[in-house]
Structures are given as C-alpha cells and as structure tokens.
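Trainee: Could you walk me through this chain, a piece at a time?

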Amino acid sequence: MDVGVVLNAAPGRVVCPLGEDEWMAVLPSAHPLARAGGSVALADLAAQPFILATGGCSVNAQSLAADAGLALTDLRASVRDWTSAFALVREGLGVTVVPALTLPENRRGLRVASLAAPLHRSFGLAASAGAAGSAPVQALFAMLREEGRHSL
C-alpha cells in the first residue's frame, strides 16, 4: 500500500491534508448538561455515565480525556460503531464525544453541543515510507492540492 487515510498525522509524515472536523458532545435531550445551553466542558462530560464510541480509532473520547488529564470515571459501554453509541445515548444510558462528521442526520432525542475548549481532528492521505518519494504518489498529492486550491 502506497497511501492510506490517517487521522492526526505524526509530524514528519508526508501527508496531503483532506480536512478537519470538530469533536462534539452528544447528550440525551433531557440531560441536565443539555439544558444548560451553549457549550459543555470536557471535564463535566468525563464525570458523567459515558458511552465510548471508538469508530475503530485510537484517538477517541478516552484519549482526548487522557490528553486533558481527565479519566472517564463511569464508562457504561464501549462500542466501535457510531450508530450504536447514538442509540445508547438516545436511551439515556450516558453521554459521548464524537467527531462532527459522524453525527446522525436524525438527532431526535439527542442534544449536540460544542466542547467549551474546542478540539479538532485532522485527516489526510499519508504516504508509506517506501512510497513517499515515488512519482505516482507525488502526482496524486499535487493533483489533490491543486483541486483543494480550486475549491476554496
């Protein structure tokens, strides 16, 4: 494999950026934090019954909390599938933090809020060490960068 999609690429990797999205709090619509209005602090969410949605990625709410010096103190469930996490939150079993691009179209029973201290994830195409300098990979990255300039 010459290229693959990566999240939050490590410095020094040859990466063609594709985009970024914001991590969002998702709560049952009747949750006390949902009624507070505005944004929600990650520390407040970490102290709640929590549904960990990983999407199969190592960067998830648990790692975000750890990076902030927090722990998810009441982990009720850990699921890989975003849809399962939203169903559990909708049922009132806990809160979660997910990337904005994973949010469901149907948000009935859910309250989505920004984090008080916004966190973002970036994603892009990264070249493998052996292919980073290859002509096809360089041509692909150049084409994607040119398309990105035209779409702005």
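Mentor: We can begin with the whole chain and then turn to some of its parts. This is a predicted model, in which local features need pLDDT of at least 70 and side-chain atom pairs count only at pLDDT 80 or more, while totals for chains, interfaces and linings use all residues. Residues are numbered from 1 along each chain as its sequence is written, and side-chain values use heavy atoms, with hydrogens and water left out.

Trainee: How many helices and strands are there in the chain?

Mentor: The chain has five helices and seven strands, where helices (H or I, at least four residues) and strands (E, at least two) are DSSP runs numbered from the N terminus. Along the sequence they follow the pattern β-β-α-α-β-α-β-α-β-β-β-α.

Trainee: And what share of the residues is buried?

Mentor: Of the 152 residues in the chain, 34% are buried, meaning under 20% relative accessible area, with exposed over 50% and partly exposed in between (1.4 Å probe, protein chains only).

Trainee: Let's look at helix α4, then; which of its residues are buried?

Mentor: In α4, which spans residues 82-90, the buried residues are Trp82, Ala85, Phe86 and Val89. They lie on the same side of α4 because they cover an arc of only 100° around the axis, the arc being that of the directions from the helix axis to the C-beta atoms.

Trainee: What do they pack against?

Mentor: The buried residues of α4 pack against β2 (15-28), β3 (49-53), β4 (74-79), β5 (96-99) and β6 (110-114). At the start of α4, a side-chain oxygen of Asp81 comes within 3.2 Å of the backbone nitrogen of Thr83, and just after the helix Gly92 takes a positive phi of about 85°.

Trainee: Which way do β3 and β4 run, parallel or antiparallel?

Mentor: β3 and β4 run parallel and are joined by five bridges; two strands pair if DSSP finds at least two bridges between them. Phe50 stands opposite Leu75 in β4.

Trainee: Changing topic, which residues touch the most other members of the largest nonpolar core?

Mentor: That core has 19 residues, and Ala25, Leu27, Val40, Leu45, Phe50 and Val97 touch the most other members. A nonpolar core is a set of buried Ala, Val, Leu, Ile, Met, Phe, Trp, Tyr and Cys residues joined through side-chain atoms within 4.5 Å. The elements that give two or more residues to this core are β2, α1 (32-35), α2 (42-46), β3 and α3. Apart from this core lies another, of 12 residues, among them Ile51, Ala53, Val79 and Phe86.

Trainee: What does Leu72 touch, and where is it found?

Mentor: Leu72 is found in the loop between α3 and β4, and it counts as buried at 15% relative accessibility. Leaving aside neighbours within four places in sequence, Leu72 is in contact (heavy atoms within 4.5 Å) with Ala46, Phe50, Leu52, Gln62 and Ala65. The C-alpha atoms of Leu72 and Leu45 are separated by 8.3 Å, although the two residues are 27 apart along the chain.

Notes. A polar contact is a pair of N or O atoms within 3.5 Å; within protein, one must be able to donate a hydrogen and the other to accept it, and residues adjacent in sequence count only if both atoms are side-chain atoms.
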